[in-house]
Amino acid sequence: LESVTPRQSIESFVAQSDVEKMKQLDELWKIVWGIRIFNRETHKGGAGIQDVPGEIAAMVSASQTTINQQLENMQAIVNDYFACLTTNVLAGVSPGEQQRINEEYMNRLQYVQFLKKTARAVEEVATQMVTARPAYDALLAEIKHMVTSSTSVPKSTVYPKFIDVGERWESFKKVHTEMKRHKRTLEVLLGYQQSYTQVLKQGTVDEATKLAAEQEKPKPDQVALEQEVNSRPSSGCMYTPVLPKSATVEFEGFCIVSVMKHRMMKPVMPEVGYIRYQGKIYGFADENAMRAFTETPQAFVDGAIRNQALADISMIHLLNLGGELPTELYFEGTRQQAMAAEETRKVDSDTQTGQIDPYKDYKYQWNEWELRRLALKLADLRNKRTHSCQTHLSHFKRDNDTQTYPKKQTGSQTLVEKSTQGKHKARYIAGLRGDPDSKVKVVSVEFDE
């Protein structure tokens, strides 16, 4: 810290404004933090700093290993359930037990789907680290070469590098926090690995597996399917024999036709091919399902949202319909009256452009004590009397108006200017002071000016 900000620079720092101080402190923190991280990587200091990139790599590796093991085991169990449900081994089982086995199959499918979603989230973290970690190591190597190659390095050259190191480390901490959430999600998910008692017996599974292996499915004719689908351009469907790169199959790889027609979650068969409709890729369990979809594609797409998602909430996650659903859903039985269709009508209205009369009652009182006072005042008026009398002056009075003509003031100007001044007269009393025998008299004096 003293190497970045010497003690003699404290006085100039204190004299700065608050905004400038905050800016300087932020930059100072980044530089010091970058130096500490660099010292940690070069084993010359940085004690107590957590190894964030190493912990991220360890959590990613452990999570991926656990998820891959769980997916491998659960996928085998899902295949066993699917074989039992698609063959005739459950013909002698009671309907209640068949329903129970179907529910177990749906439960295992949900578990697998959540594992796949968690695996994708962990894979995104791993991809971020694959890109960010080499750049971070290259930056540290550049700083190390810069520091060791000369005895003195300009601050303007090395300090921005330390700031970059601190910012990259902070980005690692954000990724670390995100990875901890994914790890916690995986731990919670593993608690549902054995969330029920399995009804399906191993003998039934072995028999179903044997029957499925004996049944030979004919290989679909992709050329004929392509000609059949592309010959109807009005449907908007285009046949694709191979799944394009970086493309994903809608409904999480399940055949939507089998789900809607047979209430069965069947995975798509890549041998059948795919259908591109409105920019999305759809897969199918067999040729008949593809033909049924191409006849009314929009009905299946809309039906997956309206019927399947509303009938069974678990389908929202199994078919990945979360982004397709509206922001507000009304499930069956939650509303007493159905919503009426939206009606539109044309209405005209007049707008007042002149003065708008106020409808505010200024005499309104909300205070109870004020209302009580007014009530007592009105009640007290019943005991009062009004007395009045008239006089002669109060009779036959009327208002009179008169009209006058104000005098006009006029003036004129001539070439000769003249003026006159009258004589000044003064009067005073003489004999008030002086000789006591003097007579008092009034004296009038006239002055010319």
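Mentor: Ring pairs join Phe251, Tyr277, Tyr282, Phe284, Phe293 and Phe300 into a cluster. Rings of Phe, Tyr and Trp (its six-membered ring) pair if their centres lie within 6.5 Å; planes under 30 degrees apart count as stacked, over 60 as edge-to-face and the rest as tilted. This is a predicted model, in which local features need pLDDT of at least 70 and side-chain atom pairs count only at pLDDT 80 or more, while totals for chains, interfaces and linings use all residues. Residues are numbered from 1 along each chain as its sequence is written, and side-chain values use heavy atoms, with hydrogens and water left out.

Trainee: How many aromatic pairs does a search of the whole structure find?

Mentor: The pair of Trp29 and Trp33 is stacked, at 6.5 Å centre to centre and 10° between the planes. These two residues are four apart in helix α2 (residues 18-41), and are therefore separated by about one helical turn. Helices here are DSSP runs (H or I, at least four residues), and strands (E, at least two) are too, numbered from the N terminus. For the whole structure, the search gives a count of aromatic pairs of nine.

Trainee: Is Trp29 buried, partly exposed or exposed?

Mentor: Buried means under 20% relative accessible area, exposed over 50%, and partly exposed in between (1.4 Å probe, protein chains only). Trp33, at 16%, counts as buried. Trp29 has a relative accessible area of 45%, so its class is partly exposed.

Trainee: What is the geometry of the pair formed by Tyr136 and Phe172?

Mentor: Tyr136 lies in helix α4 (residues 95-149) and Phe172 in helix α5 (residues 155-190), 36 residues apart, so that the pair links distant parts of the chain. Both Tyr136 and Phe172 are buried. Their ring centres are 5.2 Å apart and their planes stand at 75°, so the pair is edge-to-face.

Trainee: How many disulfides does a search of the whole structure find?

Mentor: A disulfide is counted when two cysteine sulfur atoms lie within 2.5 Å. Cys237 is buried at 1% relative accessibility, and Cys255 is buried at 0%. The number of disulfides found is zero.

Trainee: Which element gives the largest share of the lining of the largest pocket?

Mentor: A pocket is an open set of points on a 1 Å grid over the protein atoms alone, where a 1.4 Å probe fits, with protein on both sides within 12 Å along at least five of seven lines; lining residues have an atom within 4 Å of a point. The lining has 17 residues, with Phe82, Lys217, Met269, Ala285 and Asp286 nearest the centre. Two or more residues each come from α3 (52-86) and α9 (287-295). The largest share, three residues, comes from α3.
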